[in-house]
Amino acid sequence: MPSSPPVAALPTRRRGGVDTVPVPEPTPVRHPWRAASGGLVTAAAVYAALAGGLLPAPLVLALGVGLLVAVPSAPDLARRVAVNGSVFLGWVCTTWWVRWPVPVDHGALVVALVGAGLVVVVLGSARPWERVSSLRPQVATVDLLLPTG
């Protein structure tokens, strides 16, 4: 089995003439059963915990912020928070358009699906720990302004 090149050998994105995050080549799912079972368990557990009110409010807030930052939509933190926050608010509203056969907690459903998607991406890769580290955004000094709004 051929090994992939080290991260330093991968091409990088350029932003303002500065090299930023290395861009790893997308790898096919190496462990489909592990990824699918991990995703299903995660979706069920997160939805049950959020919809059932089993988690205290600070933990729910930490889970939401963690998922907002973990979805790799942009290389830097500020842009990632802006894009993911907008997409989250949009998807929560669109889940009301679907007629569900049972009562559904729409916010918990979206959070559970996002969490399950991240678990599928991580567990399906050949090297899960490298995939987890690739989800970490670049942090700059300007990101200290995020809590101030």
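Guide: The chain has an accessible surface of about 10200 Å², and carbon and sulfur atoms hold 72% of that area. Such areas come from the Shrake-Rupley method with a 1.4 Å probe, and for residues only the protein chains shown count as cover. This is a predicted model, in which local features need pLDDT of at least 70 and side-chain atom pairs count only at pLDDT 80 or more, while totals for chains, interfaces and linings use all residues. Residues are numbered from 1 along each chain as its sequence is written, and side-chain values use heavy atoms, with hydrogens and water left out.

Visitor: What pattern does the chain follow along the sequence?

Guide: The order is β-β-α-α-α-α-α, from 5 helices and 2 strands. Helices (H or I, at least four residues) and strands (E, at least two) are DSSP runs, numbered from the N terminus.

Visitor: Why is Ala112 called buried?

Guide: Buried means under 20% relative accessible area, exposed over 50%, and partly exposed in between, with a 1.4 Å probe and protein chains only. Ala112 has a relative accessible area of 2%, and therefore counts as buried. Of the 149 residues of the chain, 25% count as buried.

Visitor: What does Ala112 touch beyond its neighbours within four places in sequence?

Guide: Ala112, which lies in helix 4, is in contact with Ala43, Val46 and Tyr47. Contact means heavy atoms within 4.5 Å. The C-alpha atoms of Ala112 and Ala44 are 7.3 Å apart, although 68 residues separate the two along the chain.

Visitor: What makes a set of residues a nonpolar core?

Guide: The members must be buried Ala, Val, Leu, Ile, Met, Phe, Trp, Tyr or Cys residues, joined through side-chain atoms within 4.5 Å. The largest such core here has 10 residues: Val46, Leu50, Leu67, Ala70, Ala108, Val111, Ala112, Leu118, Val122 and Leu135. Helix 1, helix 2 and helix 4 (106-124) each supply at least two residues of this core, and helix 4 gives the largest share, 5 residues.

Visitor: Which residues does Leu50 contact, leaving aside neighbours within four places in sequence?

Guide: Leu50 is in contact with Leu55, Val60, Leu63, Asp105, Ala108 and Val111. One of these partners, Leu55, is placed in the loop between helix 1 (32-51) and helix 2 (57-70). Leu55 has a relative accessible area of 30% and so is partly exposed.

Visitor: How many salt bridges does the structure hold?

Guide: There are 2. Arg127 and Glu130 also form a salt bridge, their closest N and O atoms being 3.9 Å apart. Arg127 has 37% relative accessibility and so counts as partly exposed; Glu130, with 44%, is partly exposed.

Visitor: Is Asn84 buried or exposed, and what does its side chain reach?

Guide: Asn84 has a relative accessible area of 9%, so it is buried. Asn84 is found in helix 3 (residues 77-94), and its side chain reaches the backbone oxygen of Leu68 at 2.7 Å. A polar contact is a pair of N or O atoms within 3.5 Å; within protein, one must be able to donate a hydrogen and the other to accept it, and residues adjacent in sequence count only if both atoms are side-chain atoms. Not counting residues up to four places away in sequence, Asn84 touches Leu68, Val71 and Ser73.

Visitor: Why is Trp91 called exposed?

Guide: Trp91, placed in helix 3, counts as exposed because its relative accessibility is 54%.

Technical notes:
A salt bridge is a side-chain nitrogen of Lys or Arg within 4 Å of a carboxyl oxygen of Asp or Glu.
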